[in-house]
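This report goes through one protein model, from the overall fold down to single residues. Please keep the sequence and the structure in view while reading.

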Amino acid sequence: MSRTPFCIALGLTLCALPLVCNAYWLDVCVSIGLYALLALSLNVILGQAGIFHMGHAAFFAVGAYVTAILNTVQQWPIFWTMPLAGAAAALFALIVARPIIHLRGDYLLIVTIGIVEIVRIALINDVFGLTGGANGIFGISRPQFLGYRIVRSVQFYYLVWGMAGVSLLLFYGLWHSRFGRALNYIKEDDIAAEGCGVNVTRYKLAAFVLGAFWAGMAGTLYAAKMTTIAPESFNFMESVIIFAVVILSGGSQLGVLISAFLFIGLPEVLREFSNARMLIFGLAMMIMMIWRPQGLLPPRPRRYPLAGESGSPASPDAPGPCARKNRESGGVAAAGRPA
């Protein structure tokens, strides 16, 4: 069944939400949008490449602090800081991921947990006298677009969800690209992918850098929305929530949006049941894991037409990565190039 009608309905619902929500629920929806952005960026690393990474809040923190420092110290406009915040987070990801990228599974997971704690402690210790220590950074200005100052919750709502929509389109294209197929091969079996000519280390690093870049830009939006940031806003539990959103989603972009609404919105809906809301939420998660362990909306399996199917010639991708490489190189897979 096509998911297009559902995507259109979801988009229309998101556009119309500010018409029926009060200020409190608009703020909740902005938070959901920020977590959706972070989860989409982590989905490149975890959902598409299958790399167990639970330190994503570290990249989020780097982006937010770069924006805060450039805005409060150098008086840079918020939107001007966004690409630099993403670049700083990407550079940090490249530095920390290069020595550990060969690790797999639980070992890599434990190391990434250490990364987010190192960043948090470094921020508390006021690195180079710029991060403000435990008090954080105050007085971050609001963003301006074409001379129009973004202040109200409804304005931030459309800004955050607009970026989420752009991210969906870009990551959808990435999933269907040569790069996305390489990540998919690595997720299924990185040893087989390497044997078929995929440079596993290079593509894993690229996934880390791309996911960190997007998380850094999400940090810019967070800093602009809150106008104040502190190290405790980027603790380990934030990484756990982002990780859980991606796991529950099943690894698809659309599933990430639905999972973000459930993870961030459902506890707010149950807030009136303050004594039992976490119990209800935990029970719902347990039922979900038993009923649908593959996630809410996993990506559809890739399908390649076979030779002669429907009277048409085979697609270049049809025989699979190894067979295609054998055709291109006369029997030997070309090293370093994914199918």
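## Terms and model

Two residues are in contact when they have heavy atoms within 4.5 Å. The model is predicted. Its mean pLDDT is 83. A pLDDT of 70 or more is reached by 87% of the residues.

Over residues 310-339, pLDDT stays under 50. The model still has 54 contacts beyond four places in sequence for residues 310-339.

## Overall fold

The protein has 339 residues, and 48% of them are buried. Its secondary structure comes to 13 helices and 2 strands.

How much of the contact set links residues 24 or more positions apart? Among contacts with a separation of 6 or more, such pairs account for 76%.

## The nonpolar core

In soluble globular proteins, nonpolar side chains tend to be buried together. Here the largest nonpolar core has 98 residues. Leu37, Phe59, Tyr157, Trp161, Leu221, Ile229 and Phe234 have the most contacts inside it. Which helix gives the most to this core? Helix H2 does, with 16 residues.

Phe234 is one of the residues with the most contacts in the core.

## Helix H6 against helix H9

Two packed helices are described by the angle between their axes and the distance between the axes. Helix H6 covers residues 153-175, and helix H9 covers residues 200-226. Their axes come within 11 Å and cross at roughly 175°. Angles over 145 degrees count as roughly antiparallel, so H6 is roughly antiparallel to H9.

H6 brings Phe156, Leu159, Val160, Met163, Ser167, Leu170, Phe171 and Leu174 to the contact. H9 answers with Leu210, Trp214, Met217, Leu221, Ala224 and Lys225. By class, the contact has 12 nonpolar, 1 polar and 1 charged residues.

## Helix H2 against helix H7

Helix H2 spans residues 23-48, and helix H7 spans residues 178-188. They pack at an angle of about 45°, with axes 9 Å apart. H2 and H7 are therefore oblique to each other.

Val44, Gly47 and Gln48 make the contact on the H2 side. Leu183, Asn184 and Lys187 make it on the H7 side. The classes here are 2 nonpolar, 3 polar and 1 charged.

Ser41 is found in helix H2. Is Ser41 buried or exposed? Its relative accessibility is 0%, so Ser41 counts as buried. Not counting residues up to four places away in sequence, Ser41 touches His56, Phe171, Gly211, Trp214 and Ala215. Phe171 and Trp214 also take part in the contact of H6 with H9.

Ala23 lies in helix H2 too. Ala23 is exposed, with a relative accessible area of 52%. Ala23 and Val154 are 131 residues apart in sequence. Their C-alpha atoms are 8.1 Å apart in space.

## Gly11 in helix H1

Helix H1 runs over residues 4-20 and holds Gly11. At 29% relative accessibility, Gly11 counts as partly exposed. What separates the C-alpha atoms of Gly11 and Gly165? The separation is 8.7 Å, for residues 154 apart along the chain.

Notes:
Residues are numbered from 1 along each chain as its sequence is written. This is a predicted model: local features need pLDDT of at least 70, side-chain atom pairs count only at pLDDT 80 or more; totals for chains, interfaces and linings use all residues. Side-chain values use heavy atoms; hydrogens and water are left out. Axes are lines fitted to C-alpha atoms, for helices over the stretch in contact, and angles run from 0 to 180 degrees between N-to-C directions. Helices (H or I, at least four residues) and strands (E, at least two) are DSSP runs, numbered from the N terminus. Angles under 35 degrees count as roughly parallel, over 145 as roughly antiparallel, 65 to 115 as roughly perpendicular and the rest as oblique. Ala, Val, Leu, Ile, Met, Phe, Trp, Tyr, Cys and Pro count as nonpolar, Asp, Glu, Lys and Arg as charged, and the others, Gly among them, as polar. A nonpolar core is a set of buried Ala, Val, Leu, Ile, Met, Phe, Trp, Tyr and Cys residues joined through side-chain atoms within 4.5 Å. Buried means under 20% relative accessible area, exposed over 50%, partly exposed in between (1.4 Å probe, protein chains only). pLDDT is the predictor's confidence in each residue, from 0 to 100.
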